[in-house]
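I opened this entry to record what I looked up, starting with the contact between the chains and then going through strands and charged pairs.

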Amino acid sequence: MNPVTGHSVTGDSNTGQALTSALAAWENWNSLGFKTRSERLSAALSKQTLPREAQKLLQLLLERAARLEKIHELPGPTGECNELYLNGRGVAVVHGTDQSHQVAFLGQLITALVCGNCVLVSLPSQTDWCESICKQLHAAGISQAVLQHHPALNTYSLSQLEEISLVAPVCTEEELITLNRQLAERNGLLVQLIPETDPIGCTHLLQPDHMLRFVTEKTRSINTTAVGGNATLLELGNG
Amino acid sequence: MFKAIDVLDPAWISQPEETLWQAISPLYSIDEDIWLRELMPLAEPRSGEIEKTEKLAASLIERVRADDDAIHMIDALLLEYSLDTKEGILLMCLAEALMRIPDADTADALIRDKLSVADWKKHLRNSESLLVNASTWGLLLTGKVVTMDEREDGSPAGIINRLVNRMSEPVIRNAMQQAMKVMGHQFVLGRSINEALDRGSKFRQKGYTYSFDMLGEAALTAADASKYFNDYARAIDVVGNHQDKKAKGPKPSVSIKLSALHPRYEFAQEERVLTELYETVIRLVRRARALDVAITIDAEEMDRLELSLRLFKKLYQHESVRGWGGFGLVVQAYSKRALPVLAWLAGLAKQQGDMIPLRLVKGAYWDSEIKLCQQRGLSGYPVYTRKEATDTAYLACARFLLSEHLCGLIWPQFASHNAHTVSAIMTKATHRQFEFQRLHGMGDALYNKVLDETGVSVRIYAPVGNHKDLLPYLVRRLLENGANSSFVHRLVDARCPISELVQHPWQVLRERQPLHNPKIPLPIDIFGDSRKNSFSPNIDIESEWTPFSAEIKSHLNRQWQGQSLIDGKPVAGAEPHPVKAPHDTRILVGSVSFANKALVEQAMDVATRGYTEWQQTPVKTRADALRRLGDLLEEHLAEFVALCHMEAGKTIQDSIDEVREAVDFCRFYANQAEEDCGHPFMLPDLQGTGRNWERRRRGIFVCISPWNFPLAIFLGQVTAALAAGNSVIAKPAEQTSLIAYRAIELMLEAGVPGSAIQLLPGDGANVGAPLTSDTRINGVAFTGSTETAHLINRALSRRDAAPVPLIAETGGQNAMIVDSTALPEQVVTDAVLSGFASAGQRCSALRILCVQTDIADRIIELLKGAMAELKVGDPRLHSTDVGPVIDQGAQQGLLQHIEKMKAQSSLIAQTAMPAEASYGTFVPPTAFEIKSIDQLGREQFGPIIHLVRYKANELDKLIDTINATGYGLTLGVHSRNERTAARIEARAKVGNAYINRNQIGAVVGVQPFGGQGLSGTGPKAGGPHYLQRFTRLMPVQEAN
């Protein structure tokens, strides 16, 4: 059951349960903000023994994500407040294939999490390692609903899940084409497919545009005149 | 140009009335410096005048300050709780909303919201006033108690405090309600006209007289207008029949606000104003004249000035007014048109021979006027931007009004609380045929001295009415236009040196360079140096509307032709088919030849060649071409307005807004391209080594746009893709191909090469599908339905190619949440605009109006009344509010939904349709009350609002239900409780949230637009990340 909609979620019972708890956990996780998530994940990862290049990549990603907390104040007429800020998209699937490399996989996972998404992870070729990473992050305070290891997830089951907002695979170009085709066949949300197809060099993960695809933008516009906002004009004074 | 100094020549006002009239409108937004240089000689003090005025003003201020009783009532409150303090604003916000809240929980929450965040203690004992100190103690105590509620640490102390708080909430609420009543008592002379006369009696004995006004919101409905009419009529009767034997001075008068007497008092409804409203006022005038109660028409917003003058003339020349001399009006000196208005009125009086009582005020809507002009991109401001300029203009107007040759024609009534202005008038005047006016509760001490020492009459402008309605109204005016209240504070503030208060504004202004306030940019310059704001003529102003309207008309009978544009050349495809006007399908607008598959292939070949050429064009050259396109669109504004009427059924303002948005897109993306592209930047690799990267084009973008924004969204997608260096194949909506064709013609003229932009009008099957399944395509920008977005996604994925960006903007099921702190009139105005403007055919349009149960009945009543006032019809007419929907398919679908809802829910209202609607594809604006949001299925893209009630304690459940629709485009929130509004905004999964305003009309670069969930992929159009999605980052050595 989707706790928000009250409707049944798609997928088999295991996946459905995982999705249900992820959807329920999303609002709180997202509301923590980029900086807090970045700090929490940073603290959690500091307890792990990771290869040096993984440490570097994750540190860069977490620092970059913390900067996404910034609210853009937009110019406009007097008496209005217009702001643009970023949120997580919802539930993400971080998926790896046989070709996936641990560093790239971690990069995708941490990016999805730090951007405010709840994550279902699946790396069938390295289930034990994936399980241990999840356990370590849980032990460090990331809730079980926010990060769930779901080894049964495959490209077919993904295509059945309408509530998934994004899929971040680590795969080859050829695998990507197949995955994209399967995802496009599903109904529901237009899923964001955010791949890393360079598992060794992590070329995509290193680009700032990549991270921006894990988030959604929100604009709020407030007519401030009804609550005293025109004090801004009062304060202008004379030039 | 009108020569200001000429008005002093007695012969000036003897000119024909039409000649004097012609001088008014051209000054609407004239260059402030030019006009002030023209006006200043009229305000220039004559020999000795400065010294004499200063001396008199200083003496008045000294005597006011020496008077122990000088600072009381509102002066004191405003002094202590000035609007430049946080506490002042919070107090006024509370006063604005508290009394209208029917339910205790929401009232308590508002009190907590306002009182727990300010430092009330610092105001304690600053003021001598009992009222202020009593209020401060109350605020301090309640503020402390409610602050405790914020402690949610679970500690015993915290729990006890919260318990205490729960128990004391009714006490606090009652205390606050009481405090608001006290404030209301100060602002309002009486709840009824009888009470006002009684309370005013002691002032009348002192020699004051009154002008009573039943102030309140403008009428939204005929029922409200009728209520105000009855209030005014009763006031006239009571005042006319009232005998106060001890009273001295002239007889009281009544002021009327025209916007209260007619629900559509606006330029667009001139015909109704000059007939229906005219008849209404004549009825009041007859009554007033019979009882010899003078009537004054209040001044309102600048856009209504010319209309009000036309109405005034018609009324003044009516037999019921001829020979009376008791029918007058208000003129605002902050208006650049004030002086020619006065000259015209004097001419009118001279012609007819009846004196016009004329209240000269400085003006009370200054902040709103500035804001409105900036939003609408108007040519300039109709008001001055410096306080001293307004004060100078006031004195220039006063000089004219005090001219000997105006005696007997105009009876000047100088309204000001500024001691210097009062002194200047006393000094300038060579006779005593005038009076002063002040507001009830303000300037008492100053005018007591004036009355005692000059013998000039003083009239008090006094609001009369229910505190619950009136206090919020008055406070709102203060909040929205606080900038004009400053002198009152300083007059009674002993810390402010007298020398600062007695400076002659003419002298101050003369020293200013420039004469206008450079800190308030012109509407066109509000985005600073980065880009020009798009321009709009003001269609409510004669001097701007008349030529613009003529230009539109010159295009209305044209026959437009459209076809494919490939490599910069028009190419015919399928047999041309006729294009009919949606508002009247008997009218042929032109014809369009759709592209066929062969043309798709041809366009693809050219685009493949084109992107190599275009991507090598320097980014500045690309950006400049788009800026030129923006300028060309503005030059062709009238033509596009005509085309939008005829092909898309858009009303005048909608059409202007359409072009403005397109212009903004051109300029915004041009800037973004220069910012984002063409500059290498360093990114580290996994080893930490820096490498140079550059943002480059992706290749060929297909842009598929909808008919509801046939120019703005069409060009928004295309210009972003082009700015980024891609070549573009554009497929506009079938219904609006002519607009797209004309836009691309201009684009070519602006310098975009023909190989970079291909236009393929046509349908999805013959154009869209072959394009999106072609492996040469590197990205798609799409706006339309969620279903079509999925089809495009599938088509793209089935190609044997790597995934490419699909930037999709899709549907919405947009809600507005209204709690009981909201102002019902504002809610309904915004709901009607959000739901019915553009015939509801906006992605952002309101579909579900969620209203807290406690105020739902009032909202429904207002909604019914406001919908009855809407005019559906020919979009070419200024008076039309709602035009047709796009075509018969859309019409039938919407009418079927209406029929279905009639069976399943309760019909609130449906706007009447004119007979000629049968010739077009119209759908009447309709509102239903539904039991649950679950009753609704997919979005209905037309003028239909579904109202649903919710209980205050079910707000979170409501937000969950809205989120559960899966759509997430726009959300409106109406609440004066800032925490509630923030909570709703944070929890709602939408792309654009609008608080205390309408939820349509996102402005490029100001309100980046786009949804989430089923409503779109992002990034947001008109936002900082949009253009980047049309590019990819490449290592510099690989970039070429």
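**Interface of chains A and B**

I counted six salt bridges between chain A and chain B. The model is a predicted one, so I kept to the rule that side-chain atom pairs count only at pLDDT 80 or more. One of the salt bridges pairs A:Lys218 with B:Glu985, with the closest N and O atoms 3.9 Å apart. I also looked up polar contacts and found 31 residue pairs between the two chains.

Next I asked which elements of chain A give two or more residues to the side that touches chain B. Among them are helix H1 (13-31), helix H3 (52-67), strand S2 (80-88), helix H7 (173-185) and strand S8 (215-223). S8(A) gives the largest share, eight residues. By class, I noted 28 nonpolar, 22 polar and 15 charged residues on this side of chain A.

For the overall extent, I have 65 residues of chain A in contact with 77 residues of chain B. The area buried between the chains is about 6300 Å², and carbon and sulfur atoms give 55% of this area.

**Strand pairing across the interface**

I then followed S8(A) into chain B. S8(A) pairs with strand S27 (residues 992-995) of chain B in the parallel sense, over four bridges. A:Ile222 has B:Ile995 of S27(B) opposite.

**Strands within each chain**

In chain A I traced an open sheet of five strands, in the order S5-S4-S3-S6-S7, with parallel pairing. Its edge strands are S5 (147-149) and S7, each pairing on one side only. Within the sheet, strand S3 (residues 91-96) and strand S6 (residues 164-170) run parallel and are joined by six bridges. A:Val94 stands opposite A:Ala168 of S6(A).

In chain B I looked at strand S25 (residues 944-950). Is S25(B) mostly covered, or mostly open? It is mostly covered, with six of its seven residues buried. Strand S22 (residues 848-852) of chain B runs parallel to S25(B) and is joined to it by five bridges, with B:Val851 opposite B:Arg949. Strand S24 (residues 926-929) of chain B also runs parallel to S25(B), through four bridges. There B:Phe928 has B:His946 as its bridge partner.

**Salt bridges**

In chain B, B:Glu17 and B:Lys313 meet in a salt bridge at 3.0 Å, N to O. I place B:Glu17 in helix H1 (residues 17-22) and B:Lys313 in helix H13 (residues 305-316) of chain B, 296 residues apart. B:Glu17 counts as buried because its relative accessibility is 12%, while B:Lys313, at 24%, counts as partly exposed.

I then took B:Arg272 and B:Glu869, a salt bridge with the closest N and O atoms 2.8 Å apart. B:Arg272 is in helix H12 (residues 270-291) and B:Glu869 in the loop between helix H33 (853-868) and helix H34 (888-904) of chain B, so the pair ties together parts 597 residues apart in sequence. I have B:Arg272 as partly exposed at 22% relative accessibility and B:Glu869 as buried at 9%.

Last, I noted one network of salt bridges with shared partners, joining A:Glu27, B:Asp956, B:Asp960, B:Arg983 and B:Arg987.

Methods:
Residues are numbered from 1 along each chain as its sequence is written. Chains are lettered from A and ligands numbered from 1 in the order in which they are written. This is a predicted model: local features need pLDDT of at least 70, side-chain atom pairs count only at pLDDT 80 or more; totals for chains, interfaces and linings use all residues. Side-chain values use heavy atoms; hydrogens and water are left out. Contact means heavy atoms within 4.5 Å. Buried area is the accessible area (1.4 Å probe) that two parts lose on being put together, summed over both. A salt bridge is a side-chain nitrogen of Lys or Arg within 4 Å of a carboxyl oxygen of Asp or Glu. A polar contact is a pair of N or O atoms within 3.5 Å; within protein, one must be able to donate a hydrogen and the other to accept it, and residues adjacent in sequence count only if both atoms are side-chain atoms. Ala, Val, Leu, Ile, Met, Phe, Trp, Tyr, Cys and Pro count as nonpolar, Asp, Glu, Lys and Arg as charged, and the others, Gly among them, as polar. Two strands pair if DSSP finds at least two bridges between them. Buried means under 20% relative accessible area, exposed over 50%, partly exposed in between (1.4 Å probe, protein chains only).
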